[in-house]
Amino acid sequence: MRKKLKWVKMGVRYSSLSLCSPTHQNHQSFRLATFTCDTKQKSNFSFYPTDKDRIFNTHYRRVSLFAITQFSICGLHSRIGNLKCGRVKEMETRQGIATKEALNLQSVDQDLVQKMVYDALVWSSLHGLVVGDRSVQRSGKVPGVGLVHAPFALLPVSFPESHFREACELAPIFNELVDRVSLDGKFLQESLSRTKKVDPFTSRLLDIHSKMLELNKKEDIRLGLHRSDYMLDEQTKSLLQIEVNTISSSFSGLSCLVSELHRSLIIHYGERLGLDSKKVPGNSAVIQFAEAMAKAWTEYNNARALVLVVVQSEEHNMYDQHWLSSVLKERHNVTTIRKTLAEIDAEGELLPDGTLLVGGQVIAVVYFRAGYAPTDYPSESEWRARLLMEQSSAVKCPSISYHLAGTKKIQQELAKPNVLERFLDNKEDIAKVRKCFAGLWSLDDSEIVSKAIENPELYVMKPQREGGGNNIYGEDVKETLLRLKKDGTDEDAAYILMQRIFPSVSLTFLMRDGICHKDHAISELGIYGAYLRIKEKVIMNEQSGYLMRTKVASSNEGGVAAGFAVLDSLYLT
């Protein structure tokens, strides 16, 4: 007999990685109150034209994130709550049966969900809100083969406007912080010195960084396309940072589309839902990323040069990347080429003056959408390619120093007393950054380790990895810490401890593989930032759009890529 499940708020982190289908185990958590779409139904939903000009004008027009009408709070809770429907039914999760009456949220009736599901699926297909279907061979290699809609929430998640503004205001500060940390080679090397001894991947990155320091290599043009991720802690109502992503900050393309999808659905169904489309903020992430990249390309000052997008050999999230390449070409007449690290090793050449050639073509900007995980370096070929690019005069996004500045250990070091003051001058900026820091500790702090062993559910152990599926939660935290203490090795240097954040849980509709799953979920806000500096002159330092991701509350991990989460947008309250 299945037991009643007490709802426990689960803190989680998300990853910056490509989309894919869920694993079998995690897919079970989505099989809840599902609605299959009746493809025979007739839709009266109005779609935007799909010609090229209208797509760019509609989805990637410049919209101020705060050019939003004043509005009142309509009794909305964590997830939009004023929906005119029947009661919430009991739902089966992997843990059993659960109800959440305290949310004061009523479910949309099935007929209305069916209509919205159908319209959302058509809209996604017409507007490029798609990924490669992992069940289809070649879908990660050949464009146009095996397309499926990207996982998304059917309706946006409500979020306090004040906290959204707070997160947006932090973006330029973190952009500047990353740049200044990247210039302090001694700080990076010393902070990661213990990690280097036990983490071969971090060690190889540090070796490349050391070579650049020995060569006194200067990056006169520094380009950063970052994303800082946050959760809103339910108990304290504080906006707390999960991490800063300085390499392969994904979904700038698809996140804009989800915002427009939600606006379109609310425009059509808003009266029945009691919602206002003006409360979904505009999202111009891909336009601003493309603008920053185009400015860096212009500063390189070679009209024949290209932008090199470093990709994985199989990439099911290629369309998010292609959106950026398309905007670069359409708006700035900048051409991109896509190469794996192995292909760059085979085709790359460094001229005496530092010019990088790949396949005989001059490269102005190197944009990494791979190279952030050990699996991206299966042989020495890939490491040779990384070193070759780093030695060149091409603009790297990110450079090796920017990459290292985004590691978990550096995040933890910056949270120590008086460290921010080493890099930031403005006291107000320092206070804002410090306010958003969650608890972060090194494992050489015996007192905090003891506390984590006593109450492991309050902590997360994080290795120096990107991409999701790497963190340690719950009883595994206790077991891992006890093992490390018993072994008495330096392996603890490979991890940091972080306070576990507990955001509010809310009912939502998650779309995956054409099926709508109703479940309780939590969300994470990502704020993009674009930074361009030419020697001592800052050319661009902006908040550049947002990414919302939502996942079932019963899962620890939260990567969209790993099949745990869906793309979402905001409904400001």
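This is a predicted model: local features need pLDDT of at least 70, side-chain atom pairs count only at pLDDT 80 or more; totals for chains, interfaces and linings use all residues.
Residues are numbered from 1 along each chain as its sequence is written, and side-chain values use heavy atoms, with hydrogens and water left out.

Helix 8 spans residues 252-273 and carries a kink of about 55 degrees centred on Ile267; the bend at a residue is the angle between axes fitted to the seven residues ending there and the seven starting there. Helices (H or I, at least four residues) and strands (E, at least two) are DSSP runs, numbered from the N terminus. Cys256 counts as buried because its relative accessibility is 1%. Just after helix 8, Gly274 adopts a positive phi of about 75 degrees.

Helix 9 (residues 285-300) packs against helix 10 (residues 318-332) at an angle of about 65 degrees, and their axes lie 9 Å apart. Axes are lines fitted to C-alpha atoms, for helices over the stretch in contact, and angles run from 0 to 180 degrees between N-to-C directions. Contact means heavy atoms within 4.5 Å. Residues of helix 9 that meet helix 10 include Val286, Phe289 and Met293, while those contributed by helix 10 include Trp323, Leu324 and Val327.

An open, antiparallel sheet is formed by 3 strands in the order 16-18-17. Strand 16 (440-442) and strand 17 (459-463) are the edge strands, each pairing on one side only. Neighbouring strands of this sheet are turned by 30 degrees against each other on average, direction ignored. Helix 17 (residues 475-487) packs on the sheet and touches strand 17 and strand 18, its direction making about 60 degrees with that of strand 17. Two strands pair if DSSP finds at least two bridges between them. Strand 17 and strand 18 (residues 495-499) are joined antiparallel over 5 bridges, and Met461 has Leu497 in strand 18 as its bridge partner. Strand 16 and strand 18, also antiparallel, are linked by 3 bridges; here Ser442 is partnered by Ile496 of strand 18. Ile496 also stands opposite Lys462. Strand 18 is mostly covered, with 4 of its 5 residues buried.

Notes. Buried means under 20% relative accessible area, exposed over 50%, partly exposed in between (1.4 Å probe, protein chains only).
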